[in-house]
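Visitor: I would like to go through this model feature by feature. Please start with a term that we will need.

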Amino acid sequence: MTPRERVLAAIRHEEPDRVPIDCGAMRSTGIQAIAYNRLKAHLGVRTGQTRVFDVIQQLAEPEDFYLDRFRIDAINAGRDFSPDNWKDWALPDGSACEIPGYMDFRPDGGDWLAFSTDGELVARMVEGATYFNQACYPLDRDDWADMLDRTAEQLGRVSWAALAEPIYEGGLSDANLQRIAAHVRHLRETSDRAIMIAFGANLFEWASYLRRMDNYLMDLAAEPARAEALLDKLVEIHLAGLDRLLPVLGDNVDLIQLGDDLGMESGPFFSPRVFRTLFKPRYKVIVDHVKKLKPDLTVFLHSCGSIYALLGDLIEVGIEVVNPVQISAKNMTPAGLKREFGSDITFWGGGCDTQHVLPRATPQEVRDHVRRNIDTFAPGGGFVFNQVHNILSEVPPENIVAMYEAAME
């Protein structure tokens, strides 16, 4: 089987020739650049460069040696985008990397500040951290409801848009859409791996980015009509974006990545009733629109935390793949998830706990943990191996190797 065939077979709930493996097909399945540099040193890899395609989380774009050595079966549609537009930067541990050339980072004592192309402060990385925190909340104001008609322009002031990965620098302009179309066509012609494109279509997250999470949670409880008005505006924006993006992709992309972190470690951010009333119908509109435009495109949803209580609803609206499968969160045990939902959705993740096991266990403990999870998730297909969220900077390289060796067995 080719890597693409392997991934698609697993999504069809067929057992492929081996478990498919991912690292970096989207910006929550990757590896932080500090850990990447340490892994390269551990493996004796002295060629190439560490390119940070997601500067907020400081994720490295896996190079060919990584994809080949660890038998990675899926890639990000933004891979190798704008290969000449990079500049040197130093990671928090002092090791070298490259960041997109259009990024505006400025030191502030021991901190780093990130600015939009308009010169607005959008994010800060405090000394000792390895990621940027959002600094601008455009609708964190009393008259925010009066600004709904300008929501689209306010999105660009949020760090996740202002510091977009290279493929979306330029947004969905005609010129950038032409570049995206040419790029995914080139990837399809030159790679046999499954290709995933990020889109997001976040509802709860974008509302929280705009309003600030504490404000928006209070909106949901105290002013649901205004909370819904913002959701409706976001749906309108997302549908317009899909109308622009999907037609240019041709048959060159296999999965579209949506994202909305709906869970805490103890359960969803809100009750299933609130989800079913406010969010579920709007997710269905978005998913149905994707399928109307591209029936063969697989819909992938990233949602952290304990989302057990919402999984049945997500399946009903048409979500086909879920990630990161946070197995340490409440009610998210591999056996329970596989038993209740394994025939209806593909688990892309859950292969190795990144909170407790990957950074702290011994290599042998990592291997044993990975084998147990694969033995649970893999039978009957419906599983793509990935660790739970990104490999963080403190993870020993020996444990990364042990994880992949167990997954490749």
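Guide: A helix crossing is left-handed if the near helix is turned anticlockwise from the far one by less than a right angle, and right-handed if clockwise. Helices (H or I, at least four residues) and strands (E, at least two) are DSSP runs, numbered from the N terminus. This is a predicted model in which local features need pLDDT of at least 70 and side-chain atom pairs count only at pLDDT 80 or more, while totals for chains, interfaces and linings use all residues. Residues are numbered from 1 along each chain as its sequence is written, and side-chain values use heavy atoms, with hydrogens and water left out.

Visitor: What is the hand of the crossing of H12 and H14?

Guide: Helix H12 (residues 334-341) and helix H14 (residues 363-377) have axes that come within 9 Å and cross at roughly 15 degrees; axes are lines fitted to C-alpha atoms, for helices over the stretch in contact, and angles run from 0 to 180 degrees between N-to-C directions. H12 is therefore roughly parallel to H14, a label for angles under 35 degrees, with over 145 roughly antiparallel, 65 to 115 roughly perpendicular and the rest oblique. The crossing of H12 and H14 is right-handed.

Visitor: Which residues of H14 make the contact?

Guide: Contact means heavy atoms within 4.5 Å. On the H12 side, the contact is made by Pro334, Ala335, Leu337 and Lys338. The H14 side supplies Asn373, Thr376 and Phe377.

Visitor: How many residues in the contact of H12 with H14 are charged?

Guide: Ala, Val, Leu, Ile, Met, Phe, Trp, Tyr, Cys and Pro count as nonpolar, Asp, Glu, Lys and Arg as charged, and the others, Gly among them, as polar. In the contact of H12 with H14, four residues are nonpolar and two are polar. The number of charged residues is one.

Visitor: Which strands stand at the edges, each with a single partner strand?

Guide: Two strands pair if DSSP finds at least two bridges between them. Seven strands form an open sheet with parallel pairing, in the order S3-S10-S11-S12-S13-S14-S15. One side of each edge strand is left without a neighbour in the sheet because each has a single partner; these strands are S3 (74-76) and S15 (383-384).

Visitor: Which residue is the bridge partner of Ile256?

Guide: Strand S11 (residues 255-259) runs parallel to S12, and five bridges join the two. The partner of Ile256 lies in S12 and is Val299.

Visitor: At about what angle does H10 run to S12?

Guide: Helix H1 (residues 3-11) lies across several strands of the sheet, S14 (346-348) among them, and runs at about 130 degrees to S14. H10 lies across S11 and S12. Its angle to S12 is about 150 degrees.

Visitor: Is Leu258 buried or exposed?

Guide: Leu258 lies in strand S11. Leaving aside neighbours within four places in sequence, its contacts include Phe199, Ile286, Val299 and Leu301. Buried means under 20% relative accessible area, exposed over 50%, and partly exposed in between (1.4 Å probe, protein chains only). At 4% relative accessibility, Leu258 counts as buried.

Visitor: Which residue stands opposite Trp112?

Guide: A second open sheet has four strands, S6-S7-S8-S9, with antiparallel pairing. S6 and S7 (residues 111-115) pair over five bridges. Their hairpin has two residues between the strands, and Gly109 there takes a positive phi near 65 degrees. Opposite Trp112 in S7 stands Pro107.

Visitor: What is omega of the peptide bond that joins Asn323 and Pro324?

Guide: Most residues other than glycine have a negative phi, and most peptide bonds are trans. Pro324 is found in the loop between S13 and H12. The bond joining Asn323 and Pro324 is cis, with omega of about 10 degrees.

Visitor: What is the phi of Val325?

Guide: Val325 lies in the loop between S13 and H12. At 3% relative accessibility, Val325 counts as buried. Its phi is positive in a residue other than glycine, near 60 degrees.
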